[in-house]
Amino acid sequence: MPEKNIVVIGAGYAGVAATKKLAKKYKKNKDVTITLIDRHSYHTMMTELHEIAGARVEPNAVQYDLQRLFCRLKNVKLVTDNVTDINHDTKVVTTEQGSYSYDYLVLGMGGEPNDFGTPGVKDFGFTLWSWEDAMKLRTHIEETVAKAAKIRDEATRKAMLTFTVCGSGFTGIEMVGELLEWKERLAKDNKISAEEITLYVVEAAPTILNMLDRNDAGKAERYMTKKGIKILTDSPIVEVKEDHILLKSGESIPTHTLIWTAGVRANSDTAEFGMEAARAGRLVANQYMEAKDLKDVYVIGDLVYFEEFENTPTPQIVQAAECTAHTAAANIIAEIDGTEKHEYKGNYQGFMVSIGSRYGVACLFEKIHLSGFLAILMKHIVNLKYFFDIRSGYYAFQYIMHEFFHIKDKRNIFRGHLSRYGNVLWSVPLRVFYGSMWLLEAGKKTFGWFGGESWFGDSVKLPFAWLQEATSGASEAAGGAADAVVETAKPVFGFSYAYGEEPMMVFEKAPKWFEWMMEKMIPTPEVALFFQKAMTIIELLIALAIIAGLFTWLSNAATIALVISFALSGMFYWVNIWFIFAAIALMNGSGRAFGLDYYVIPWVQKVAGKWWYGTPKSLYDGK
């Protein structure tokens with residue numbers, strides 16, 4: 001078999017999918033070499049750019065290094081460069097730094113925003129079509145809110161705190177959803193009210209989310225309206241200015257931030273490649289994804305124009321990108337192997353859109369409709385499936401970390417319960433176990449569990465061994481009145497005996513200073529009886545608090561104090577000294593991971609902070 005060079009241009013969804021399929025097929029064939037060219041060294045998860053722009057995840061969360069993606073595929077050569085020319089006659093791709101001959105060429109350079117010639121969009125608008133776009137928008141929003149917080153002119157301040165999204169497709173709605181959740185943090189950090197931040201969605205069509213079922217779109221619209229997002233339909237934008245936008249109706253919306261998500265066109269670089277284009281500059285291809293009138297050239301992803309149905313080209317979505325890529329790769333394989341080619345057949349399993357991190361709508365297989373938690377969960381599942389499709393367990397793991405563990409401000413479907421910022425998820429089993437140990441001991445004393453002696457009976461098990469002598473002496477002096485209620489004290493944690501021998505006490509006898517202090521606190525058997533019952537109730541309450549995750553810092557600090565007291569009293573074993581270290585570990589916010597502290601502590605902080613400091617303000621007028 002003669003050597004074959006396959007060149008893939010573009011490392012988007014389509015380019016990566018095609019390269020993976022080809023590389024897997026020919027991983028043992030040294031005669032086939034695949035070259036993947038992209039201007040970046042990473043693959044961008046375009047569908048999640050709104051999370052970067054809206055500061056939900058870290059900036060690198062949607063960047064996936066190409067070397068990691070293709071590290072096990074030795075027949076893939078990665079090139080970071082800009083393509084400047086394609087010569088179809090000599091079959092050579094020219095870049096800024098070199099040239100590459102090809103036997104088969106796959107064009108997957110994607111699309112770019114389409115402003116439809118609207119004046120001012122390029123100068124004053126923001127787009128969301130690359131990682132750079134997302135970071136530029138994120139920085140602009142942070143800086144604009146910070147500046148607005150110091151502006152005293154009401155009209156200027158209002159315009160700066162008004163954020164407008166043009167376009168109600170998936171990108172636009174997902175972006176405004178991120179702004180909806182982010183505005184609370186923006187307001188808090190800049191000491192303004194979140195109610196000052198206004199969000200608009202402006203759509204030229206009569207309805208929004210037009211790729212969704214109308215019922216699903218209606219749910220999304222009602223949710224956004226309920227949350228205060230202003231939705232304008234039948235409202236084309238005719239001009240964008242630095243501090244306002246003009247609608248076709250003549251209405252003006254004062255805003256310093258217009259996010260343009262209204263349309264997509266083919267990558268403009270392809271205009272120089274001498275290929276036939278259709279609507280929005282998309283390159284015309286046949287049912288095999290072959291470029292029109294060109295041999296051995298394939299077009300995939302957002303770049304391709306193939307009418308799946310009359311006057312209906314393949315949609316510019318991830319599912320179509322992958323389907324076109326697989327079709328092109330399969331047909332290159334068919335060419336090389338001399339087998340029958342495959343016609344394109346779209347496989348669209350559903351559509352889903354998130355409105356922030358905790359609400360979304362989805363339609364799967366044209367008949368399963370989801371909303372809220374289940375819709376967002378399904379979106380995460382689909383994203384994870386994508387990583388397995390491209391065979392990247394590493395980035396599947398990174399996705400989980402970014403979306404569930406490295407999240408702030410409760411911005412995921414679990415409301416931050418899994419977040420490593422302030423929550424200690426893995427301490428939950430230890431917290432429940434540790435609390436259960438205290439509950440067990442309190443139950444043995446209180447209710448007689450597991451052979452323990454209940455203080456509902458006639459005897460009391462004194463909490464300090466040295467008191468046995470003191471109370472016995474008091475009993476004799478009182479004519480033995482206390483004999484019926486006092487018996488020999490035993491170790492507090494009697495369940496921890498080792499096999500074959502009795503474990504060693506921390507202290508065989510209480511120190512003198514401790515005895516003196518206890519004599520002052522517990523002078524009589526009656527006080528001792530009350531003290532033991534009170535201590536047992538305290539143990540019970542502490543145990544329940546630890547299990548429920550309520551005031552866990554204080555509860556665990558109290559157990560440390562109790563353990564030290566028991567040890568000093570000569571009633572605690574060395575084998576149980578781990579109680580102290582477990583309590584220390586659990587003091588690190590363990591109650592906020594599936595515990596009541598998740599709700600209680602922020603409320604206490606808010607109420608106490610407002611009582612002590614008042615409400616923070618960004619501007620002061622002599623007050």
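Biologist: How much space lies in the second largest pocket?

Modeller: Keep in mind that this is a predicted model. The second largest pocket holds about 1600 Å³ of space.

Biologist: Which residues are the closest to the centre of the second largest pocket?

Modeller: Glu184, Arg185, Lys188, Asp409 and Lys410. They belong to a lining of 37 residues.

Biologist: Which elements give two or more residues to that lining?

Modeller: Two helices do: H7 (170-189) and H18 (597-613). H7 provides the largest share, with eight residues.

Biologist: How do the lining residues divide into nonpolar, polar and charged?

Modeller: Count each class in turn. The lining of the second largest pocket has 16 charged residues, 12 nonpolar and nine polar.

Biologist: Now the sheet. What is the order of the strands in the open sheet of three?

Modeller: Read across the sheet: S25-S26-S27, with antiparallel pairing.

Biologist: Which strands are at the edge?

Modeller: An edge strand pairs on one side only. Here these are S25 (350-354) and S27 (368-371). Ignoring direction, neighbouring strands are turned by 5° against each other on average.

Biologist: How many bridges join S25 and S26?

Modeller: Five, in the antiparallel sense. S26 covers residues 360-364. Look there for Val361, which stands opposite Val353.

Biologist: Which helix packs on this sheet?

Modeller: Helix H8, residues 214-226. H8 touches S26 and S27. To read its direction, compare it with S26: the angle is about 170°.

Technical notes. Residues are numbered from 1 along each chain as its sequence is written. This is a predicted model: local features need pLDDT of at least 70, side-chain atom pairs count only at pLDDT 80 or more; totals for chains, interfaces and linings use all residues. Side-chain values use heavy atoms; hydrogens and water are left out. On a 1 Å grid over the protein atoms alone, a cavity is a set of points where a 1.4 Å probe fits but cannot get out, and a pocket is an open set with protein on both sides within 12 Å along at least five of seven lines; lining residues have an atom within 4 Å of a point. Grid points are joined across faces, edges and corners, and a volume is the space filled by probe spheres set on the points. Helices (H or I, at least four residues) and strands (E, at least two) are DSSP runs, numbered from the N terminus. Ala, Val, Leu, Ile, Met, Phe, Trp, Tyr, Cys and Pro count as nonpolar, Asp, Glu, Lys and Arg as charged, and the others, Gly among them, as polar. Two strands pair if DSSP finds at least two bridges between them. Axes are lines fitted to C-alpha atoms, for helices over the stretch in contact, and angles run from 0 to 180 degrees between N-to-C directions. Contact means heavy atoms within 4.5 Å.
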